[in-house]
Amino acid sequence: MIETPPLVDQHCHGVLRTELGLATFEAQLVHSAGPPAAGTTFFDTQTGFAVRRWCPPLLGLEPHCAPARYLARRRELGGAESGRRLLRGSGVGTYLVDTGAPGDLTGPKELALAGDAEAFEVVRLERLAEQAADTSGTVAAFLADLAGAVHHAASGAVAFGCGPHAGYAAALDAAPEPPGPGEVRGAAGRWLAARARGGPVRDPVLLRHLLWSAVASGLPLQLHTGGAGPEPLTGFVRATAGLGARLVLLGGYPDHRHTARLAAAYPHVHADLGPALARTGARAGAVLAELLELAPFGKLLFSSGGCGLPELHAVGALVFREALGRVLGGWVADGAWSWRDADRVAGMLAAGNARRVYRLDERG
Amino acid sequence: MIETPPLVDQHCHGVLRTELGLATFEAQLVHSAGPPAAGTTFFDTQTGFAVRRWCPPLLGLEPHCAPARYLARRRELGGAESGRRLLRGSGVGTYLVDTGAPGDLTGPKELALAGDAEAFEVVRLERLAEQAADTSGTVAAFLADLAGAVHHAASGAVAFGCGPHAGYAAALDAAPEPPGPGEVRGAAGRWLAARARGGPVRDPVLLRHLLWSAVASGLPLQLHTGGAGPEPLTGFVRATAGLGARLVLLGGYPDHRHTARLAAAYPHVHADLGPALARTGARAGAVLAELLELAPFGKLLFSSGGCGLPELHAVGALVFREALGRVLGGWVADGAWSWRDADRVAGMLAAGNARRVYRLDERG
Amino acid sequence: MIETPPLVDQHCHGVLRTELGLATFEAQLVHSAGPPAAGTTFFDTQTGFAVRRWCPPLLGLEPHCAPARYLARRRELGGAESGRRLLRGSGVGTYLVDTGAPGDLTGPKELALAGDAEAFEVVRLERLAEQAADTSGTVAAFLADLAGAVHHAASGAVAFGCGPHAGYAAALDAAPEPPGPGEVRGAAGRWLAARARGGPVRDPVLLRHLLWSAVASGLPLQLHTGGAGPEPLTGFVRATAGLGARLVLLGGYPDHRHTARLAAAYPHVHADLGPALARTGARAGAVLAELLELAPFGKLLFSSGGCGLPELHAVGALVFREALGRVLGGWVADGAWSWRDADRVAGMLAAGNARRVYRLDERG
């Protein structure tokens with residue numbers, strides 16, 4: 001058996017504080033533009049099956065029990081106690097929590113307490129801009145406040161991130177270099193003038209300014225590869241090479257082999273393992289093996305991508321650990337890898353790479 | 001063993017009525033821009049090997065016998081009797097027959113009789129336009145006749161389709177919304193004026209008009225994702241969401257994981273399993289497993305994609321059934337899925353999803 | 001066990017003549033825009049693990065020994081003797097050597113002698129242009145010298161190639177047809193006027209002229225599919241169909257299934273198996289199986305892609321042979337293929353297809 005140290009979940013969000021009925025629970029399982037089609041359910045997905053395999057035993061039920069039975073048990077225990085059991089059963093020792101997702105989600109401290117783990121914050125850049133815009137009267141004040149907020153976040157958080165829907169991939173594809181100060185002032189002025197309180201950043205110049213501010217801060221930057229795969233980010237990857245930046249690419253599936261290739265080609269690029277495994281369930285080993293084709297083993301980082309349901313955090317970790325054992329153990333059995341190497345690589349993917357990239361041992 | 005009900009082959013064509021020699025048979029096996037390269041043969045493909053594995057036993061020969069021996073036996077029995085044996089040995093209970101492919105192919109009734117199965121028609125939109133153009137004198141008459149033909153087809157057929165080479169993917173990529181009435185009249189006028197009798201529809205405005213007419217009819221619409229994968233169809237998918245349309249995407253391989261992602265993201269999008277399995281033979285299980293990563297299990301539909309040779313219908317079904325048993329059975333053996341779930345999902349992919357999407361039980 | 005004849009390595013380069021330290025050796029293992037990231041090493045890659053699995057036994061050590069120990073043994077034997085043992089242990093009988101890579105590399109004769117094999121030259125088109133430019137005084141002389149060089153090379157070499165970084169994929173994507181004589185003269189004049197001695201060809205019109213000169217010569221042409229996959233080459237593939245040209249597409253991973261599809265669709269297109277296998281190590285069987293999905297078996301050609309380190313030539317061959325045995329043997333065990341067919345296809349991929357495409361038996 002391949003052994004792993006306590007996992008570092010390098011990209012997740014908090015869990016919902018509310019009690020959940022069957023419909024609400026189901027809606028959190030899958031990213032979809034609408035409800036399941038008539039006659040179908042989101043439980044009939046790899047994610048749904050993986051939740052039914054791994055989570056019932058953590059709450060004292062048989063694996064694969066019916067969703068209604070699982071939800072009844074979850075209500076019986078209460079959401080908070082269920083969450084504790086799920087998180088503590090996942091084998092995760094450290095959470096890096098992206099605090100920018102919408103909804104009434106627990107923060108890093110609460111997640112750490114529930115999971116008996118440590119937690120660090122990943123700060124979402126567009127939230128800093130939106131907060132600065134809410135409180136600043138002029139363009140100059142906004143830009144100064146934003147710079148201060150980035151500087152302040154850099155001393156407390158372990159990384160910066162930017163939301164998957166912010167549209168920065170297209171912005172960087174069109175112009176990967178940092179915008180000039182005049183461009184930034186102009187874009188900020190137009191955005192502030194047109195913006196209603198709380199309105200999101202979508203301006204491509206401001207998004208590029210945010211990302212380059214993060215690069216300048218010296219913290220790692222988590223970037224979502226959007227629907228078009230990692231290709232639109234290639235220019236930004238080239239432009240940030242050799243500057244001391246560390247990029248972590250999230251969410252490349254089904255173009256994850258292209259993401260792995262970028263991680264092989266550029267010293268400062270890393271690739272996330274996360275949702276590609278959690279969402280593919282019984283296929284996680286196959287997807288993990290594809291990521292391990294071209295990516296140097298020091299460049300792949302586990303995450304659950306969990307958001308809202310602690311089931312997703314737990315399943316992400318348990319599916320990853322099983323897939324890792326199956327894939328690396330299989331290569332050892334074939335004679336392709338040695339046991340010693342397999343154990344060492346397992347530790348790198350599970351925790352070591354994240355500890356190094358995010359300098360967690362300096363945070364302690 | 002995973003059990004499946006009689007299959008619904010949700011996308012196929014008729015079979016050739018003529019007796020076939022070795023060269024003609026070989027030419028039907030593979031989609032190619034020309035003959036096999038010097039020194040090679042189309043029998044040396046996964047399709048060729050799958051035909052040699054599955055079909056000889058249905059005609060009383062050993063698996064993997066030489067092509068010449070198989071063809072001799074086929075001639076000995078006669079094309080009609082060989083076709084009956086092949087179709088009846090496939091385990092298919094229902095054929096949805098796209099009647100728009102060229103060549104002297106059997107229609108739905110003939111296929112049903114030969115295969116001891118039921119059959120329904122999938123009407124090709126561009127054929128309706130070409131027939132209306134052949135018989136209408138004016139633009140107004142053409143458009144009225146076309147509307148009537150769509151309306152009439154909607155009451156008899158189970159779905160609309162559009163040919164893979166019609167170029168509609170590019171047309172929808174450029175402009176996914178329905179064209180306005182004036183645009184349609186203009187395009188119809190230009191096309192009718194320039195057209196020789198029997199000439200195909202290639203005008204992007206008319207193609208969009210046809211597709212939106214199908215959407216308005218309420219029948220499911222089968223769409224081929226072309227060489228560029230499903231990306232060019234994304235705009236049309238978004239534009240038809242929430243309108244009651246049902247889209248079935250055909251032929252996404254090798255971008256089938258992107259197709260599965262669309263089926264996960266949009267309630268009205270479904271994905272075909274067909275030729276990606278039949279054409280990859282010994283690899284069908286691997287491709288099926290990839291489709292099962294992200295697609296909700298209620299969104300995947302079996303087909304053979306068979307055309308011309310009844311061998312292709314039979315191989316599509318037999319390869320699918322074996323791959324399904326191997327993949328789902330493997331997950332059960334690993335503990336990732338329960339038997340009960342595996343059996344239920346097998347029934348959905350084999351027949352249940354198609355019966356629901358095409359409302360076959362209302363047709364009986 | 002699947003048996004293969006002595007392999008034809010249809011695309012490799014020479015090996016370095018210098019003795020190598022640990023750092024120099026590591027730098028040759030992986031294609032990267034820089035050194036490994038802090039805290040990581042290129043030995044922790046599938047290529048590194050495959051070298052550690054296969055090469056130590058050829059030098060009398062245990063598999064998977066530490067890199068430093070392997071390098072010490074390599075220095076003890078000397079680079080030349082190590083190279084001989086590695087090459088002779090690879091099972092390769094014939095090398096097609098692309099002589100256009102930079103560095104102090106052995107040529108075909110030296111490689112043949114070291115490996116106890118035969119070797120043929122693949123001539124790089126852009127080198128012919130650069131040599132003609134170095135020695136010709138006028139545009140007319142340059143073009144005449146270049147035509148002579150292509151003609152001369154065609155009588156001695158077995159194929160033409162063009163470097164992966166020359167940018168011809170983009171040039172062909174923009175304009176797949178041969179440029180006219182006036183265009184060529186204009187482009188040559190501009191290039192010669194601006195060029196410093198030894199400067200590389202990057203002009204798209206000259207690159208297209210070179211490629212079409214190779215097509216006209218009747219020799220096969222090896223084309224690298226660049227970072228964007230084989231799509232940009234599609235226009236050139238169409239334009240060269242039916243002209244007697246033979247194209248061999250190199251390096252399609254991770255878009256190798258698209259490359260296989262082109263090989264299925266066009267009689268004159270072939271696909272290289274090479275670095276996609278050597279660089280993915282323990283995953284080579286999975287990648288090989290993907291290539292075998294759609295490509296006709298007469299269209300796939302083994303290569304190592306080895307360059308600089310004889311370890312890469314050896315690993316390419318040994319990984320290929322093992323992967324081939326595992327994949328085809330598995331299909332035989334499943335009943336999907338017969339033994340006889342598996343043996344025959346193994347021989348085609350290992351040697352037969354290359355012997356036919358490059359007409360090696362006419363060279364002797």
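**How the chains meet**

Visitor: What makes residue pairs across the interface of chain A and chain B count as polar contacts, and how many are there?

Guide: Across the interface of chain A and chain B in this predicted model, the rule finds 16 residue pairs in polar contact, both residues being at pLDDT 80 or more. Such a pair has N or O atoms within 3.5 Å, so a pair counts by its distance and by having one atom able to donate a hydrogen and another able to accept it.

Visitor: Which elements of chain A give two or more residues to the side that touches chain B?

Guide: They are α2 (46-58) and α14 (284-294) of chain A, and α2(A) gives the most, with 4 residues. The residues of that side of chain A divide into 10 nonpolar, 11 polar and 8 charged.

Visitor: Why is the meeting of A:Asp44 and B:Arg344 called a salt bridge?

Guide: The side chains of A:Asp44 and B:Arg344 come to 2.8 Å, N to O. A salt bridge asks for a side-chain nitrogen of Lys or Arg within 4 Å of a carboxyl oxygen of Asp or Glu, and therefore this pair qualifies. The count between chain A and chain B is 5 salt bridges.

Visitor: What makes B:Arg52 and C:Asp341 a salt bridge?

Guide: The closest N and O atoms of B:Arg52 and C:Asp341 are 2.8 Å apart, and because the limit is 4 Å, the pair is a salt bridge. Between chain C and chain B the count is 5 salt bridges. On the side of chain C that touches chain B, α12 (256-265), α14 (284-294) and α16 (339-357) each supply at least two residues, with α14(C) giving the most, 6 residues.

Visitor: How many residues does the contact of chain C and chain B take, and what area is buried there?

Guide: The contact takes 28 residues from chain C and 29 residues from chain B, and the area buried between the two is about 2,500 Å², of which carbon and sulfur atoms give 53%. C:Arg257, C:Glu293 and C:Leu294 supply 23% of the area that chain C buries against chain B, more than any other three residues.

Visitor: How do you know what axis relates chain C to chain B?

Guide: Chain C can be laid on chain B with an RMSD of 0.0 Å by a turn of 120° and a shift of 0.0 Å along the axis, which means that the relation is that of a three-fold axis. The copies use different surfaces, since 4% of the contact residues of chain C recur in chain B.

Notes
Residues are numbered from 1 along each chain as its sequence is written. Chains are lettered from A and ligands numbered from 1 in the order in which they are written. This is a predicted model: local features need pLDDT of at least 70, side-chain atom pairs count only at pLDDT 80 or more; totals for chains, interfaces and linings use all residues. Side-chain values use heavy atoms; hydrogens and water are left out. Contact means heavy atoms within 4.5 Å. Buried area is the accessible area (1.4 Å probe) that two parts lose on being put together, summed over both. Copies are superposed by least squares on the C-alpha atoms of residues with pLDDT of at least 70 in both. A polar contact is a pair of N or O atoms within 3.5 Å; within protein, one must be able to donate a hydrogen and the other to accept it, and residues adjacent in sequence count only if both atoms are side-chain atoms. Ala, Val, Leu, Ile, Met, Phe, Trp, Tyr, Cys and Pro count as nonpolar, Asp, Glu, Lys and Arg as charged, and the others, Gly among them, as polar.
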